[in-house]
Amino acid sequence: MFSRQVYQLIRQQAKLDPFVEICGYIKGDSVFQCNNISEQPKYNFLINPVEIFDKNPECIYHSHPSASSKPSRFDIISQREMQIPFLIYSLRDDDFYFLKK
């Protein structure tokens, strides 16, 4: 689906900030980290739409620091609203889940 480099970069970002959901977008083989502006970044992520508005991301990614990579209800609703696939990384389990409707 994505290059090995993309997965490695997301893992590295999550390990550098293991207590919050890191987030960003993927375009080609590039990973662009965004600020998580959620009021509860340990449990949710929120990207300022201005950061991705004109970037045409192929996928939005974020981490689950202490949960599985299975999408939360919030993830499912957000992905449907944004109509962009999500790649979720579980720091706890060191695995990924690709969410696409």
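Q: Which residue in β2 is the bridge partner of tyrosine 25?

A: In β2, that bridge partner is phenylalanine 32. The model is a predicted one, in which local features need pLDDT of at least 70 and side-chain atom pairs count only at pLDDT 80 or more, while totals for chains, interfaces and linings use all residues. Residues are numbered from 1 along each chain as its sequence is written, and side-chain values use heavy atoms, with hydrogens and water left out.

Q: In which sense do β1 and β2 pair?

A: Strands of a sheet pair through backbone hydrogen bonds, either parallel or antiparallel. Here strand β1 (residues 23-27) and strand β2 (residues 30-34) pair in the antiparallel sense over five bridges, where pairing needs at least two bridges found by DSSP, and strands (E, at least two residues) and helices (H or I, at least four) are DSSP runs numbered from the N terminus. Serine 30 in β2 is the bridge partner of lysine 27, and in this hairpin, with two residues between the strands, glycine 28 takes a positive phi near 65°.

Q: In what order do the strands of the sheet lie?

A: The order is β2-β1-β3-β4-β5, an open sheet of five strands with mixed pairing. Its edge strands are β2 and β5, each of which pairs on one side only.

Q: Which way do the side chains of β4 point?

A: In a regular strand the side chains alternate between the two faces of the sheet. In β4, Phe86, Ile88 and Ser90 point one way and Leu87 and Tyr89 the other, and all are buried, meaning under 20% relative accessible area with a 1.4 Å probe and protein chains only (exposed is over 50%, partly exposed in between). Because five of the five residues of β4 (residues 86-90) are buried, the strand is largely enclosed by the rest of the structure.

Q: How many bridges join β4 to β3, and how many to β5?

A: Five bridges join strand β3 (residues 59-64) to β4, and these two run parallel, with leucine 87 in β4 as the bridge partner of tyrosine 61. On pairing with strand β5 (residues 95-99), β4 again has five bridges, now in the antiparallel sense, and the bridge partner of leucine 87 in β5 is phenylalanine 98. In the hairpin of β4 and β5, which has four residues between the strands, aspartate 94 takes a positive phi near 55°.
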